[in-house]
Structures are given as C-alpha cells and as structure tokens.
Amino acid sequence: MPSTTMFNLTKTWFESLHNLHLEFLIIPAVVITLATLIANPVLLTCIFLSRALRQETRYLLVANTLMADMLFLIFNLITVICNTMRAQIPWRVCELITAVSVTAYCCAILTVTLMVVDTYTAVRWPLQYHDILPPARTRRILVGMWVLSAVYPFVVLIMMEIHRSNSQEKVCVCLALISFSFLQIKDPLWIHVFYFVAAFICATMICYCYIRLYMVTRTQGIWQSRFSRARVTLLAHAVLLLLYFAPGFVFIVELSLFNMKDKSQDLRVWVNTANICVFMLLPRALAPYLYGLRYREISDTLMMLVQRNNRPSQNTVS
C-alpha cells in the first residue's frame with residue numbers, strides 16, 4: 001500500500017479517536033497497566049527468590065505467564081500513549097512493536113493452556129507427574145513456546161519489509177490491526193485460518209482437560225459443596241481463560257470490519273479501542289490475583305519477604 005494512503009488512513013483514525021472522546025477509556029487503561037506492572041514483578045520476585053518454587057512446574061508456568069503479560073503491557077502502553085499524543089513514529093518501529101506484542105500475547109495464551117494441561121497431568125498421573133514434566137523439561141518447553149509464538153508475527157514483519165517501498169515513512173497511529181490488514185490485501189484468508197486453528201487447538205485441549213478432570217475427581221467429594229475450593233478454582237480459571245481468549249476473537253472481528261467498505265470508521269475505532277484498552281487488559285489485571293496470590297506458597301513467600309524487610313526497621317526503633 002502506498003505510504004500516502006497509509007498516512008491518510010492513520011490520520012483519519014486518529015481524528016476519529018479524538019472526535020469520539022475515547023480518552024475516558026485510555027486513562028483507566030494506563031492506570032490499570034501501571035498497577036499490573038507493579039504487581040507482576042512482586043510475584044516474580046517471590047517465585048525466583050524461592051528455590052522450592054523455582055523447582056515446581058506450575059510456578060514456572062505462572063512466572064512465564066506474568067513475564068509475557070508484562071512484555072505485552074509495556075508495548076501496549078507505549079502504543080496507547082503514542083497514539084494518544086499523535087506521535088509520528090517510523091513504520092518499521094511500529095511493525096517491531098506489533099510483532100513483539102503479538103509474540104507476548106500468543107505466548108501467554110499457550111502458557112495458560114499448558115497450565116491446564118499441567119493440572120490435568122498432576123491429577124491424572126500423580127506418581128509419574130514429576131517424571132512427565134520435570135522443571136528442566138518445562139523450561140525447554142517454555143523456550144519452545146516463545147520461539148513458536150515469535151515465528152508468525154516476525155514472518156509477517158519480514159514479508160511487510162519486503163513489500164514496502166519506503167522504509168522512512170511514518171504513521172500517526174500504530175495498530176496491529178492496520179499492520180495485519182495491509183498484509184491481507186493479497187491474501188486475506190490465511191490470517192483468519194491461522195488464528196482460528198490455533199485458538200481451536202488451545203480451546204479443545206482446555207475443554208478436554210477440564211472435562212477429564214471432573215470425570216476423574218467427581219467421586220472424591222470435592223465437588224459436593226457449592227462453594228468448595230475446587231468449584232471456586234475452576235470458576236476463576238474458566239473466567240480468566242475466557243478473558244484471555246476473548247480479545248483474539250474480537251481482533252478477528254476487527255480484521256473483518258476493517259475490510260468492509262460499508263462500515264463506518266467510528267465503529268472500527270470504537271471496537272479497536274475497547275479491545276486494546278479493556279478486553280486485553282482485564283485478564284492481565286486479574287492474573288496476579290487469580291494465578292498468583294491464590295497459591296498459598298506464593299502468598300507465604302510474599303509475607304516472609306515483607307516480614308524480613310520490616311524486621312530491621314523494628315529493631316532500629318526498639
């Protein structure tokens with residue numbers, strides 16, 4: 001797509017963003033992002049400072065989810081601030097930000113899927129669990145997931161570099177939606193197929209593991225109480241998983257709306273801003289509490305660190 005057309009499109013997008021007065025979504029998004037970027041490093045510190053937690057697969061998965069979320073939130077925050085201030089950034093930088101953000105988002109989805117598989121494995125084969133998923137193997141799997149998550153967005157980045165005529169062009173608004181939509185001009189189907197197949201595989205694995213977990217544990221009495229820990233945990237995880245997957249499906253809708261000429265620009269801007277500032281932030285804001293502090297070991301480690309830091313000050317006062 002010619003640079004003039006791209007610049008005009010991003011300029012129109014910016015004008016619609018401010019004409020609709022969507023700043024009321026952007027300000028809470030920045031606050032939620034900053035709060036999450038404070039909570040996640042605290043939990044990561046608890047995990048990495050404890051040798052016992054570092055040797056357990058589920059805490060390695062929690063740590064990887066938190067790191068992927070932090071990386072996504074940082075680049076999403078940069079994008080939101082630049083778009084709001086109408087800072088013209090090079091298109092190459094925008095592509096790189098998009099590729100890193102998509103990588104972090106996909107890695108988080110794969111990790112929460114693996115967390116469900118890990119729980120199922122621990123319940124289904126408790127005696128063989130440590131042989132199936134030891135910490136060393138888990139680390140290699142996590143590295144593989146980062147590589148797998150990075151392949152698709154960086155291949156897209158390379159393809160866009162090849163097809164772009166002007167490497168010095170700048171844009172008023174940097175959005176993954178615009179980047180992927182430009183690539184769809186030649187073949188609009190394969191992006192939808194890729195996302196659908198990936199989401200279908202992850203969703204199928206999650207549903208299968210949860211159904212099998214219920215079938216295996218239904219005779220153990222842990223589901224009898226309406227507010228049992230098993231029910232509350234399952235509900236919390238189900239809500240969080242839904243929140244992680246929902247923005248991906250909304251993004252597919254955005255791609256479809258972007259290529260529909262009869263749809264208004266305001267509708268596209270509304271859907272995109274709501275997805276970036278609300279739907280994508282909700283699971284990452286809840287994850288530190290639902291996947292972090294619900295584990296007693298992490299809570300105990302956090303309390304020990306707090307007490308250790310308060311002890312010298314108490315001795316000094318006495």
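Which side chain does Arg284 meet in a salt bridge? The legends below take up this pair and then several other close-up views.

**View 1. Arg284 and Asp69 in a predicted model.** The side chains of Arg284 and Asp69 meet in a salt bridge, with N and O 3.3 Å apart; the term is used here for a side-chain nitrogen of Lys or Arg within 4 Å of a carboxyl oxygen of Asp or Glu. Because Arg284 belongs to helix α12 (residues 282-293) and Asp69 to helix α4, the pair ties together parts that are 215 residues apart in sequence. Arg284 is buried, with a relative accessible area of 0%, and Asp69 likewise counts as buried at 0% relative accessibility (buried means under 20% relative accessible area, exposed over 50%, and partly exposed in between, with a 1.4 Å probe and protein chains only). The structure is a predicted model, in which local features need pLDDT of at least 70 and side-chain atom pairs count only at pLDDT 80 or more, whereas totals for chains, interfaces and linings use all residues. Residues are numbered from 1 along each chain as its sequence is written, and side-chain values use heavy atoms, with hydrogens and water left out.

View 2. Arg58 forms a salt bridge with Glu56, where the closest N and O atoms are 3.3 Å apart, and another with Glu297, where the closest N and O atoms are 3.4 Å apart. Since Arg58 lies in helix α4 (residues 57-85) and Glu297 in helix α13 (residues 296-317), this second pair ties together parts that are 239 residues apart in sequence. Arg58 is partly exposed at 28% relative accessibility, as are Glu56 at 29% and Glu297 at 32%. Through shared partners, the salt bridges join Glu56, Arg58 and Glu297 into one network. By the rule applied here, the count comes to three salt bridges.

**View 3. Helix α5.** Helix α5 (residues 91-124) has 34 residues and reaches 49 Å from its first C-alpha to its last, close to the expected 50 Å, the expected span being 1.5 Å times one less than the number of residues. Helices are DSSP runs (H or I, at least four residues), numbered from the N terminus. This helix is mostly covered, as 26 of its 34 residues are buried.

**View 4. Helix α11.** Helix α11 (residues 265-279), with 15 residues, reaches 20 Å from its first C-alpha to its last, close to the 21 Å expected. Among the buried residues of α11 are Gln265, Arg268, Val269 and Asn272, and also Ile276 and Cys277.

Technical notes. Helices (H or I, at least four residues) and strands (E, at least two) are DSSP runs, numbered from the N terminus.
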